[in-house]
Amino acid sequence: MTPNPLAKMRRLATALHDLRTSHGYNHAELGRKSGVSASVISRIENPVNDLRRANLLTVRRLLDALEVPRGSQEWAAIESYTEDASAARWWDAAPYSRMGDGQRLSALIEAGASQVRDYAGLLLPGVVQTATYARHRILAVTGDDPAADPAPIVAGRLERQRRVATEGATEYSLVLEEQAIRRHPVPAPVMREQLDHLLSLIGKGVSIRVVPVDACLDDGYAPRAPFVYVTYPDPEDPPIVAVDNAVRVALVTDPAEVAGYAQLHLRLRRAALSDEDSAALIREVASSLATTI
């Protein structure tokens with residue numbers, strides 16, 4: 001499986017930060033010694049705040065300045081992080097060039113994941129949407145703006161779905177609030193098609209559970225926003241959480257906070273209906289829509 005670029009960017013950042021501080025350099029001092037600007041060094045060491053790719057030649061200059069022997073295991077490992085972080089990504093291709101910054105961030109987090117644990121409240125997440133549902137939701141935001149073409153955004157969501165929810169290499173677990181299947185943010189025929197699609201995804205490495213409105217949570221805490229917790233096959237690659245705060249997606253990297261979200265998702269799964277009972281409820285709601293179409 002392709003390594004996750006952001007996970008490798010974070011490992012590169014940690015390695016360079018640890019080397020720099022072990023030599024007692026601040027960014028400006030390392031910049032003078034390497035010929036790399038302090039701002040570039042800071043950017044490489046803080047990839048979550050600036051997702052631009054690191055340049056391999058720049059990293060080599062930093063390693064030379066930090067007296068890492070060429071050909072050593074340490075040199076090879078850091079070069080490998082840089083190459084993996086800078087590799088071509090599927091969303092660089094022309095059909096997805098205008099799929100939006102937020103969706104590119106989602107694709108970056110999901111790439112090469114071993115587990116994606118999703119939680120959604122009122123709307124279904126993009127990675128399980130049908131093309132029609134996605135188009136209606138996009139147009140609800142963009143309105144009649146002729147410059148806002150939903151086609152590349154829809155294409156991006158479908159490609160993410162193919163890679164995360166249908167290829168089978170990623171274990172995808174979605175916990176939904178009951179409102180997400182009962183509320184109709186799209187026309188009834190579109191919602192019926194969407195619910196049928198959810199049913200078609202269940203199994204094959206995909207788990208979908210619904211939290212009933214009257215469910216009792218273990219500790220009474222309910223999430224305020226949708227979030228996704230992601231892990232990767234390489235155990236050294238740190239997991240990450242993305243929280244959708246409506247205005248923007250916030251990345252959570254602090255290990256304790258990330259672990260807290262993992263536990264929260266587990267508690268939500270326990271409070272939810274089983275996969276089988278969730279499928280039955282989704283089927284029931286879809287059937288009820290058929291009588292209104």
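**Exercise 1. Is the crossing of α1 and α5 left-handed or right-handed? Work out how the two helices meet.**

Some ground rules before the solution. This is a predicted model, so local features need pLDDT of at least 70 and side-chain atom pairs count only at pLDDT 80 or more, while totals for chains, interfaces and linings use all residues. Residues are numbered from 1 along each chain as its sequence is written, and side-chain values use heavy atoms, with hydrogens and water left out.

*Step 1.* Start with the handedness: α1 and α5 cross in a left-handed way. Left-handed means the near helix is turned anticlockwise from the far one by less than a right angle, right-handed that it is turned clockwise.

*Step 2.* Get the partners: Pro5, Lys8, Met9, Arg11, Leu12, Ala15 and Leu19 on the α1 side, and Glu74, Ile78, Tyr81, Thr82, Asp84 and Ala85 on the α5 side. Contact here means heavy atoms within 4.5 Å.

*Step 3.* Sort them by class: eight are nonpolar, one is polar and four are charged. Ala, Val, Leu, Ile, Met, Phe, Trp, Tyr, Cys and Pro count as nonpolar, Asp, Glu, Lys and Arg as charged, and the others, Gly among them, as polar.

*Step 4.* The axes are lines fitted to C-alpha atoms, for helices over the stretch in contact, with angles running from 0 to 180 degrees between N-to-C directions.

**Exercise 2. Which side chains does the side chain of Arg11 reach through polar contacts?**

*Step 1.* Locate the residue: Arg11 sits in helix α1, residues 5–22. Helices (H or I, at least four residues) and strands (E, at least two) are DSSP runs, numbered from the N terminus.

*Step 2.* Check burial: Arg11 counts as buried because its relative accessibility is 16%. The cut-offs are under 20% relative accessible area for buried, over 50% for exposed, and partly exposed in between (1.4 Å probe, protein chains only).

*Step 3.* List the neighbours: leaving out residues up to four places away in sequence, Arg11 touches Tyr81, Asp234, Glu236, Asp237 and Pro238.

*Step 4.* Pick out the polar pairs: the side chain of Arg11 has a polar contact of 3.2 Å with that of Tyr81, and one of 2.8 Å with that of Asp237. A polar contact is a pair of N or O atoms within 3.5 Å; within protein, one must be able to donate a hydrogen and the other to accept it, and residues adjacent in sequence count only if both atoms are side-chain atoms.

**Exercise 3. At roughly what angle do α2 and α3 cross?**

*Step 1.* Read off the axes: those of α2 (residues 27–34) and α3 (residues 38–45) come within 8 Å and cross at roughly 115 degrees. The crossing is right-handed.

*Step 2.* Name the partners: His27, Ala28, Leu30, Gly31 and Ser34 of α2 meet Ala38, Ile41, Ser42 and Glu45 of α3. That contact divides into four nonpolar, four polar and one charged.

*Step 3.* Look into α3: Ile41, Arg43, Ile44 and Glu45 are buried, and the buried residues of α3 pack against α1, α2 and α4 (56–65).

**Exercise 4. Is Glu67 buried or exposed?**

*Step 1.* Check the backbone: phi of Glu67 is near 60 degrees, a positive value in a residue other than glycine.

*Step 2.* Settle it: Glu67 counts as exposed because its relative accessibility is 55%.
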